[in-house]
Amino acid sequence: MPSTHGFCQSAYIGNIVDGQFNDTPLAGLNWAALYKWPGEIKDGNGRRQIIIDERADKAQRTALETIISGAACAPLSNLFAVFASTCSDFCETLFLPIDLKADFDARTATVAIPGVLTSSASPKINEFTGEPFHIALARPSGSFEFTYAELGLGTTSVTGDMEMAFEDSWADFCIHHFNQDGLVRERSRLTAWLG
């Protein structure tokens with residue numbers, strides 16, 4: 001199915017809860033990856049910009065840039081590698097403060113990257129009850145993006161090299177588990193939700 005507007009754009013923002021790259025610890029750091037395609041993602045010619053938490057030291061900056069560029073895993077095994085394969089224009093990596101506040105269970109988030117990005121996300125609202133509407137996708141196989149995601153609405157504004165904006169668009173809240181082989185397919189979050 002073709003995209004709604006004839007082009008695609010996305011902003012991924014995350015926090016590393018636990019993990020390392022070789023011997024370099026990465027826990028606690030934030031990151032962002034911005035993407036734009038003039039048409040469908042599969043048709044390529046995309047543009048990408050990586051933003052790394054300014055708190056990262058030199059080794060951490062190198063590690064995060066390697067991971068987010070898609071160079072740290074098997075080809076096409078996670079979203080970074082797949083999206084990199086569809087991009088032909090790579091903007092300079094930025095090292096900036098990334099103020100990220102996210103509540104996975106409430107499906108809410110706010111992000112501020114000074115001079116570059118502001119974003120907020122919230123759950124969808126049930127039109128009949130006015131209460132937050134719980135929607136989730138589980139993808140135990142066949143996905144390079146996630147195995148489980150809570151869905152909501154996102155509003156984002158980006159300036160600079162990756163200028164874009166979208167309002168009340170698709171937002172997903174994921175807990176990723178990556179290793180050198182790509183996306184690790186654990187379903188503990190889904191099991192907990194169904195239980």
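Which residues does Thr-93 touch, not counting residues up to four places away in sequence? They are Ile-50, Ile-52 and Glu-65, where contact means heavy atoms within 4.5 Å. The model is predicted: local features need pLDDT of at least 70, side-chain atom pairs count only at pLDDT 80 or more, and totals for chains, interfaces and linings use all residues. Residues are numbered from 1 along each chain as its sequence is written, and side-chain values use heavy atoms, with hydrogens and water left out.

Thr-93 belongs to the loop between strand S6 (87-90) and strand S7 (94-96); helices (H or I, at least four residues) and strands (E, at least two) are DSSP runs, numbered from the N terminus. With a relative accessible area of 12%, Thr-93 is buried. Here buried means under 20% relative accessible area, exposed over 50%, and partly exposed in between, for a 1.4 Å probe and protein chains only. Glu-65 is also the side-chain partner of Thr-93 in a polar contact of 2.5 Å. Such a contact is a pair of N or O atoms within 3.5 Å; within protein, one must be able to donate a hydrogen and the other to accept it, and residues adjacent in sequence count only if both atoms are side-chain atoms.

The structure holds four salt bridges, each a side-chain nitrogen of Lys or Arg within 4 Å of a carboxyl oxygen of Asp or Glu. One of them joins the side chains of Arg-47 and Asp-89 at 2.7 Å, N to O. Arg-47 lies in strand S5 (residues 46-53) and Asp-89 in strand S6, so this pair ties together parts that are 42 residues apart in sequence. Arg-47 is partly exposed at 29% relative accessible area, and Asp-89 is partly exposed at 30%.

A further salt bridge links Asp-53 with Arg-55, the closest N and O atoms being 2.5 Å apart. Asp-53 is buried, with a relative accessible area of 2%, whereas Arg-55 counts as exposed at 53%. In another, the side chains of Lys-101 and Asp-99 meet at 2.9 Å, N to O; Asp-99 is partly exposed, at 40%.

Elsewhere in the chain, Ser-10 sits in strand S1 (residues 8-15) and is buried, with a relative accessible area of 15%. Not counting residues up to four places away in sequence, Ser-10 touches Ala-33, Leu-34, Tyr-35, Trp-37, Met-164 and Phe-166. The C-alpha atoms of Ser-10 and Met-162 are separated by 10 Å, although these residues are 152 residues apart along the chain.
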